[in-house]
Every structure is written in C-alpha cells, then in structure tokens.
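Visitor: I would like to learn how to read side-chain contacts and confidence values in a model. Please show me the structure and take the features in turn.

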Amino acid sequence: SIFCMTGIEMTRMTLEKGLEWLEGHYNIGLWPWELPEWPKAWHHALNLVDELWGISRYTADAYSEAAGSLPVLPMPLPVSIDAENVQADRQKWNLPEDAYLFVFSFDMNSTLARKNPIATVEAFLEAFADQPNKRVGLVIKVSHLNTKHSAWKALAKLITKDKRIQLITGELRKSEVLSLYKSCDCFVSLHRAEGFGRGLAEAKLLGLALITTRFS
C-alpha cells in the first residue's frame, strides 16, 4: 500500500479507521513535506509505515535523521506537460505585448510566510522602481484570494506601488495556468521552504527563465 498524503494526515486517518487497514500489507508513505526536518512531536507517525519515499532528495533528507532504520528513498515526482501545445496569449490576460514579464503563482490555502510572495514584489520594486519607463512587468497569480488575511493586506499595499504589477485572481484550469506561464518570460519562486517545486519544473519545461531560492 502506498499512502500519498502527509504523515500527519495518515495519522489522523489511522485514528479514525484503526490499525486494521495497515495490517497484512507492506506500507509505504509517499509523504509530502517542506521543512528541513520531520518534527520530533510527530516521530510516532513513522511507526505507521515500513518504508518512506521523499518527493525529492531534500524531503527524503528531512525524514532520514528521524527515521532510524526505516528505509527512506528519494522518489521525485514526475512532471509532464504537452509544452508544444501550450499557447502564449498575452491579449487574453491583458498583459503588455512588449514588456519582459516575471510571473509568480501561489495559493492562499497554503502559508503565505512559506510561499513568500512579498519578497517577489519587494524584489521587483527594488529592481525597477527607479526605472518607471522600463518595459517590464510582474504578474502575480493568486488562488483562493482572502482579502481579510492580514498578510494579504500587506501584499496588496505593496502591489499598488507600481502599475506594472498585475494581479490575476481566481481558480484556473491547469491549461489556463500553463498558458499564463508561457505568456511570461521568467518564473520567480522565492519560497522559504518548498518540498518539490512543481511550478518551477513546469515553467522550465515551457522554456521560461527561472529565479528561485536555494533553500530546497
């Protein structure tokens, strides 16, 4: 049995269902994780599996110290897109045709401190605020926008400082997200913690330049 969920979620499900669903099986946890170490408060969750797969080498390393004799293998996730059939369409997104565009995408159902969109906007302002005529732009794509979130209010205030920063909100289909990426030139990801980096991988397959942290 392969459990594609966090170790915390697997623990919760086991508390609800009991141990019977694990008995008589070789159980592998394919557990996503973003931080450098698996927390000590959750070491007991490791008893639920016979083997752990990390979604990247970084994630596997995060489990290794806590795992002891439990086998831990890096098992990176596949990234496959039909890049040749993804069409750039700046007109659809109301983007300037003649500007070099940076793009960052995040979901507010995640943790903004980890996704770190404020750093992306601050970097853009620092680079170009004194060049108001420079033909550049920053596209911020936000899913599950929550305007009442305190972190969002700080970000929204920053965005208003430069009219070249464009906000796109709402939940898009995968094909639309990829089209938006391809309509831009450079994908920026200044995550403070990222277990895999699917956005980066997809942008790379679409031929974009990348700017990212070296954290994970």
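Guide: What follows goes through confidence, cysteines, charged pairs and aromatic rings.

Visitor: What is the mean pLDDT of the protein chain, and which elements have the lowest and highest values?

Guide: This is a predicted model, and pLDDT is the predictor's confidence in each residue. The mean for the protein chain is 93, with 100% of its residues at 70 or more. Among the elements, helix 3 (residues 112-115) has the lowest mean, 84, while strand 2 (residues 28-30) has the highest, 97.

Visitor: How many disulfides does a search of the whole structure find?

Guide: The test is whether two cysteine sulfur atoms lie within 2.5 Å. The search finds 0 disulfides. Take Cys186: the closest cysteine sulfur belongs to Cys184 and is 9.6 Å away, too far for a bond. Cys186 is buried, at 2% relative accessibility. Cys4, by contrast, is exposed, with a relative accessible area of 58%.

Visitor: How many salt bridges does the count come to?

Guide: Side chains of opposite charge can pair when their charged atoms come close. Here the count comes to 8 salt bridges. One of them joins Glu16 and Arg12, at 2.6 Å from N to O.

Visitor: Which salt bridge links distant parts of the chain?

Guide: One case is Arg90 with Asp185, whose closest N and O atoms are 2.9 Å apart. Arg90 is in the loop between strand 4 (72-74) and strand 5 (100-107), and Asp185 in the loop between helix 6 (174-182) and strand 8 (186-189), 95 residues apart. Arg90 counts as buried at 11% relative accessibility, while Asp185 is partly exposed at 25%.

Another case is Glu202 with Lys174, with 2.6 Å between the closest N and O atoms. Glu202 is buried at 4% relative accessibility, and Lys174 is partly exposed at 45%.

Visitor: How many aromatic pairs are found in the whole structure?

Guide: For ring pairs, look at the distance between centres and the angle between planes. The search finds 12 aromatic pairs. In Trp33 and Trp38, the ring centres are 4.8 Å apart and the planes are at 70 degrees, so the pair is edge-to-face. Trp33 is buried at 12% relative accessibility, and Trp38 is buried at 4%.

Visitor: What are the distance and angle between the rings of Trp38 and Tyr63?

Guide: Their centres are 5.4 Å apart and their planes at 55 degrees, so this pair is tilted. The two residues are 25 apart in the chain, with Trp38 in the loop between strand 2 and strand 3 (51-54) and Tyr63 in helix 2 (residues 57-67). Tyr63 is buried, with a relative accessible area of 0%. Ring pairs link Trp31, Trp33, Trp38 and Tyr63 into a cluster.

Visitor: Which ring does the charged end of Lys17 sit over?

Guide: The ring is that of Trp21, with the charged end of Lys17 placed 5.8 Å from the ring centre.

Terms used. Residues numbered from 1 in each chain as written. Predicted model: local features only at pLDDT ≥ 70, side-chain atom pairs only at ≥ 80, totals over all residues. Heavy atoms only, no water. Buried < 20%, exposed > 50% of the residue type's maximum accessible area, 1.4 Å probe, protein only. Salt bridge = Lys/Arg side-chain N within 4 Å of Asp/Glu carboxyl O. Helix = DSSP H or I, 4+ residues; strand = E, 2+ residues; numbered from the N terminus. pLDDT = per-residue confidence, 0-100. Phe/Tyr/Trp six-rings, centres within 6.5 Å; stacked < 30°, edge-to-face > 60°. Lys NZ or Arg CZ within 6 Å of the ring centre and 35° of its normal.
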